[in-house]
Amino acid sequence: LVEILIVVVILGILAAIVIPQFTSASESAKASSLVSQLQTIRSQLELAQIQHQGSYPDLVTNGWTPLTSETEQAAAYTAGDASGNEVGPYLQQAPVNPFTGVETVAAAAGANVGWVYSNTTGRITASISAAKATELGMNTTNDVTTY
């Protein structure tokens, strides 16, 4: 009976050591996924800007629709009409922020905002709480906007 108790105590100690390492690894994986998504979004925004006479899409008003559907090759980002001047789609689906779990785009960070975007400059960042950004060491990067 004493030997079984000792084994159970040892297993409990090992579990207490291992479980926090798994949660840390999952947070690191989310951060890596976020940076990868941002690289993809930024490259596709630049491609869209080049193909639409130098103007960025209005993601704050229209959501991800200008990047996930075909648009006319003009500055207005209107829906394609089979004229042969269509470009896109630039993304297969709207990206979801792995930390907030939402895909919404806004001009300022917030709890229900996935991405912070400027229509004039094309700058996009992820919306993350200040505590989470500090925990991940991302609060001084150009990849996040904290709230």
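Which residues make a nonpolar surface patch of about 1000 Å²? The patch is built from Val 2, Ile 6, Val 7, Val 9, Ile 10, Leu 11, Ile 13, Leu 14, Ile 17, Val 18 and Phe 22. Patches take residues with over 30% relative accessible area and no salt bridge; nonpolar side chains (Val, Leu, Ile, Met, Phe, Trp, Tyr) are joined within 5 Å, and like charges within 9 Å. Phe 22 belongs to helix α1, which covers residues 2-51. Phe 22 is exposed, at a relative accessible area of 59%. Here exposed means over 50% relative accessible area, buried means under 20%, and partly exposed lies in between, with a 1.4 Å probe and protein chains only.

A word on the model. It is predicted, so local features need pLDDT of at least 70 and side-chain atom pairs count only at pLDDT 80 or more, while totals for chains, interfaces and linings use all residues. Residues are numbered from 1 along each chain as its sequence is written, and side-chain values use heavy atoms, with hydrogens and water left out.

Now the whole chain. The protein chain has four helices and six strands. Both are DSSP runs numbered from the N terminus: helices are H or I with at least four residues, strands are E with at least two. Along the sequence the order is α-α-α-β-β-β-β-β-α-β. The radius of gyration is 21 Å, well over the 15 Å that the globule rule gives for 147 residues, so the chain is more spread out than a compact globule. That radius is taken over C-alpha atoms, and the rule is 2.2 Å times the number of residues to the power 0.38. Along the principal axes, the C-alpha atoms fill a box of roughly 80 × 30 × 20 Å.

Next, cover and contacts. Of the 147 residues, 31% count as buried. The accessible surface comes to about 8400 Å², and 58% of it belongs to carbon and sulfur atoms. Such areas come from the Shrake-Rupley method with a 1.4 Å probe; for residues, only the protein chains shown count as cover. Among contacts between residues at least 6 apart in sequence, 42% join residues at least 24 apart. A contact means heavy atoms within 4.5 Å.

Then come the charges. Side chains of opposite charge can pair when their charged atoms come close. The structure holds four salt bridges. Each is a side-chain nitrogen of Lys or Arg within 4 Å of a carboxyl oxygen of Asp or Glu.

Glu 27 and Lys 132 form one of them, at 3.0 Å from N to O. Glu 27 lies in helix α1 and Lys 132 in helix α4 (residues 130-136), so the pair ties together parts that are 105 residues apart in sequence. Glu 27 is buried at 15% relative accessibility. Lys 132 is partly exposed at 21%.

Lys 132 also meets Glu 135, at 3.6 Å from N to O. These two are three residues apart in helix α4, which means about one helical turn separates them. Glu 135 is exposed, at 54%. Glu 27, Lys 30, Lys 132 and Glu 135 are linked in a network of salt bridges.

Asp 143 and Arg 42 form another salt bridge, at 2.9 Å from N to O. Asp 143 sits in the loop between α4 and β6 (144-146), Arg 42 in helix α1, 101 residues apart. Asp 143 is buried at 16% relative accessibility, and Arg 42 is partly exposed at 28%.
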